[in-house]
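Subject: Structure for you to look at

Hello,

Here is the structure I said I would pass on. Please open it first and keep it beside you while you read the notes below.

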Amino acid sequence: MHETADAELLRRCRSGDERAYRELVTRYQRQVYTLAFRMVRSGEDAEDVTQETFVRVFRSLARYDPARPFAAWIHTIAARLSIDLIRRRKNRPLSMTLGGTEGEDERTLDIADPGLGPDEVVSHGEEERNTGALIDSLPPHYRVVVMMRHQQDFSYEEIAEALKLPLGTVKARIHRAREILKKRLEGTT
């Protein structure tokens with residue numbers, strides 16, 4: 001049902017129907033934002049990723065393969081943009097100006113941005129907070145497959161297709177991510 005409705009919306013978008021564009025954004029904006037937020041752990045960055053995701057979707061509608069589920073396609077775009085942002089953030093220096101005394105020049109010190117601290121992760125309830133923090137601590141290539149599998153309910157095959165990875169790689173990453181999470185859980189109890 002949802003895929004049929006998506007196909008009709010996409011057909012209308014391709015014909016330039018602005019109402020269809022708005023409907024598509026309304027239908028997927030929350031899901032895309034949630035995925036992006038879980039990946040980048042910043043509301044502002046998640047909003048940027050969400051906006052860029054829809055820009056890319058609308059620019060690429062002519063190349064979209066209707067044989068693929070639209071939800072998987074849009075989540076793939078969001079996941080890749082999130083991973084790109086995380087990579088850029090790691091390489092982005094944080095500038096600090098060190099003020100000099102009178103007669104001295106100010107100096108700028110560049111240090112690597114360590115990312116967000118645990119106090120900036122928004123969650124509800126102790127268990128959800130712990131689970132979210134554990135998932136957030138996974139490397140991005142593990143985090144994205146876990147989120148797609150367990151939060152977006154994608155099948156292994158859909159994840160493989162969406163991320164353009166071999167099925168065995170998806171299964172291995174999910175297995176490895178679960179092992180990491182299990183070890184971390186055992187270490188905290």
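Helix α2 (residues 18-40) packs against helix α6 (residues 140-150) at an angle of about 150°, and their axes are 10 Å apart. That angle makes α2 roughly antiparallel to α6. The model is predicted, and local features need pLDDT of at least 70, side-chain atom pairs count only at pLDDT 80 or more, while totals for chains, interfaces and linings use all residues. Residues are numbered from 1 along each chain as its sequence is written, and side-chain values use heavy atoms, with hydrogens and water left out.

Some terms first. Helices (H or I, at least four residues) and strands (E, at least two) are DSSP runs, numbered from the N terminus. Axes are lines fitted to C-alpha atoms, for helices over the stretch in contact, and angles run from 0 to 180 degrees between N-to-C directions. Angles under 35 degrees count as roughly parallel, over 145 as roughly antiparallel, 65 to 115 as roughly perpendicular and the rest as oblique.

Val144, Val145, Met148 and Arg149 of α6 make the contact with Tyr156, Ile159, Ala162 and Leu163 of α7. Seven of the residues in the contact of α6 with α7 are nonpolar, none is polar and one is charged.

α2 has another partner, helix α3 (residues 43-59), at an angle of about 135° and with axes 8 Å apart. That makes α2 oblique to α3. Residues of α2 that meet α3 include Tyr21, Tyr28 and Phe37, and those on the α3 side include Asp45, Phe54 and Phe58. The contact of α2 with α3 has 13 nonpolar, four polar and two charged residues.

Last, the largest pocket. A pocket is an open set of points on a 1 Å grid, where a 1.4 Å probe fits, with protein on both sides within 12 Å along at least five of seven lines; lining residues have an atom within 4 Å of a point. Of its 14 lining residues, Ser60, Trp73, Ile77, Arg80 and Lys164 lie nearest the centre. Helix α4 (residues 70-91) gives the most to this lining, with six residues. The lining has five nonpolar, two polar and seven charged residues.

Regards

Terms used:
Contact means heavy atoms within 4.5 Å. Ala, Val, Leu, Ile, Met, Phe, Trp, Tyr, Cys and Pro count as nonpolar, Asp, Glu, Lys and Arg as charged, and the others, Gly among them, as polar.
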